[in-house]
Amino acid sequence: MATTTTANDNDIVAASFKHGTSALTQGALTTPHKFYLFGNPISHSMAPLLHNTLFADHSIPWNYSLFESSDTQAFVKLLKSPDCLGSAVTMPHKIAFMSQVDELTEEGAMIGSINTVFIRLDPETKQKKYIGTNTDSIGVREAFLQNCPGMLEKSKGKPALVIGGGGACRSSVYAVWKWLGASKVYLTNRIRSEVDDVIKGFKEAGFQGELIWVGSVEEAKALETPALIVGTIPDFPPKEEGELVCRAITEEFLNREEKGAMVEMCYHPKPVTALYKLAEAAGWKLVDGTEAMMHQGVAQQMLWRETSLEEFKLEHAQVVMREELERRWTK
């Protein structure tokens with residue numbers, strides 16, 4: 001079944017206060033504070049460029065830096081230092097670090113991994129509470145909503161398709177179901193067991209939506225056309241049988257008369273992947289994965305700064321990020 005979420009309900013900042021009161025002291029936005037990305041290896045990450053550009057564009061003297069390490073306790077020490085107001089977590093720590101936070105948001109618990117830690121205060125003790133969440137799902141949501149006008153009206157009550165079986169698959173499933181109102185989510189992938197694990201994990205977490213494995217073109221032909229598609233697989237030519245079947249299933253949906261919108265999460269080494277080209281040629285509205293990457297980071301700052309998306313100036317940061325991506329793509 002689909003959720004009853006509407007665009008006005010998608011306020012992650014308001015929802016964050018279910019976990020406690022504001023952690024921002026008077027003058028926090030004009031006082032230097034630190035944020036970190038905990039992962040390994042992460043030297044390639046563009047997160048510092050995104051976050052520090054946004055801080056500068058809003059005249060906030062905060063700094064975001066990399067903590068490339070496998071030492072969880074060393075990171076916890078940094079996270080709990082007085083000058084730290086939150087942090088980000090990436091591979092290989094997104095699952096393991098769930099045990100280090102005080103509470104999880106619904107999306108963090110449901111997706112089964114976190115990429116963000118924000119702070120709220122216990123209403124009674126006024127002690128800091130470290131909350132883990134997953135803003136990757138917000139990135140997928142906003143990639144659709146910011147680039148496809150009227151998308152929510154078109155997607156609500158319609159199926160969605162997620163291609164893949166990894167971590168990005170899980171956050172995409174949650175996004176299309178929770179935030180974009182998908183009635184059911186089709187899943188196709190080169191390896192069925194990976195999708196079985198995704199379905200099992202969601203069910204164990206209390207997921208109420210309908211998840212459907214699609215393992216053949218014949219099965220796909222019997223299904224309603226999805227309004228949304230999210231691609232979460234690398235840009236490699238399909239060679240093995242499972243890869244070829246997955247691509248054929250995708251083409252079965254893409255080539256129908258009814259069209260929708262697709263976010264292609266893969267943007268390395270370039271955002272216009274073979275899957276992107278297939279969908280575009282078939283007449284679908286395409287959004288590349290850099291949009292999801294950008295908006296998951298903005299969602300992190302919304303939680304740290306305790307402010308809404310409308311308060312952000314994004315144009316300059318979007319230009320800076322696009323220029324850096326193009327520099328890397330043309331190397």
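Mentor: Let us begin with a term: a crossing of two helices is left-handed if the near helix is turned anticlockwise from the far one by less than a right angle, and right-handed if clockwise. Please keep in mind that this is a predicted model.

Trainee: Which hand does the crossing of helix 2 and helix 13 have?

Mentor: The axes of helix 2 (residues 47–57) and helix 13 (residues 315–329) come within 9 Å and cross at roughly 150°. Helix 2 is therefore roughly antiparallel to helix 13, since angles over 145 degrees count as such. As helix 2 passes helix 13, the crossing is right-handed.

Trainee: How many nonpolar, polar and charged residues are in the contact of helix 2 with helix 13?

Mentor: Helix 2 contributes Leu49, Leu50, Thr53, Leu54 and Asp57, which meet His316, Ala317, Val320, Met321 and Glu324 in helix 13. Sorted by class, this contact has 6 nonpolar, 2 polar and 2 charged residues.

Trainee: How are helix 5 and helix 12 oriented to each other?

Mentor: Helix 5 (residues 136–147) packs against helix 12 at an angle of about 120°, and their axes are 7 Å apart. An angle of 65 to 115 degrees would count as roughly perpendicular, and one over 145 as roughly antiparallel. The two helices, helix 5 and helix 12, are therefore oblique.

Trainee: Is serine 113 buried or exposed?

Mentor: Serine 113 lies in the loop between helix 4 (106–111) and strand 5 (116–121). Leaving aside neighbours within four places in sequence, serine 113 is in contact with Lys94, Ile95, Met98, Gly108 and Asn134. Its relative accessible area is 12%, and because a value under 20% is the criterion, serine 113 is classed as buried.

Trainee: What is the C-alpha to C-alpha distance between proline 92 and glycine 39?

Mentor: Proline 92 is placed in the loop between strand 3 (84–89) and strand 4 (103–104), and at 46% relative accessibility it counts as partly exposed. Not counting residues up to four places away in sequence, proline 92 touches Gly39 and Asn40. Proline 92 and glycine 39 are 53 residues apart in sequence, while their C-alpha to C-alpha distance in space is 6.2 Å.

Terms used. Residues are numbered from 1 along each chain as its sequence is written. This is a predicted model: local features need pLDDT of at least 70, side-chain atom pairs count only at pLDDT 80 or more; totals for chains, interfaces and linings use all residues. Side-chain values use heavy atoms; hydrogens and water are left out. Helices (H or I, at least four residues) and strands (E, at least two) are DSSP runs, numbered from the N terminus. Buried means under 20% relative accessible area, exposed over 50%, partly exposed in between (1.4 Å probe, protein chains only). Contact means heavy atoms within 4.5 Å. Axes are lines fitted to C-alpha atoms, for helices over the stretch in contact, and angles run from 0 to 180 degrees between N-to-C directions. Angles under 35 degrees count as roughly parallel, over 145 as roughly antiparallel, 65 to 115 as roughly perpendicular and the rest as oblique. Ala, Val, Leu, Ile, Met, Phe, Trp, Tyr, Cys and Pro count as nonpolar, Asp, Glu, Lys and Arg as charged, and the others, Gly among them, as polar.
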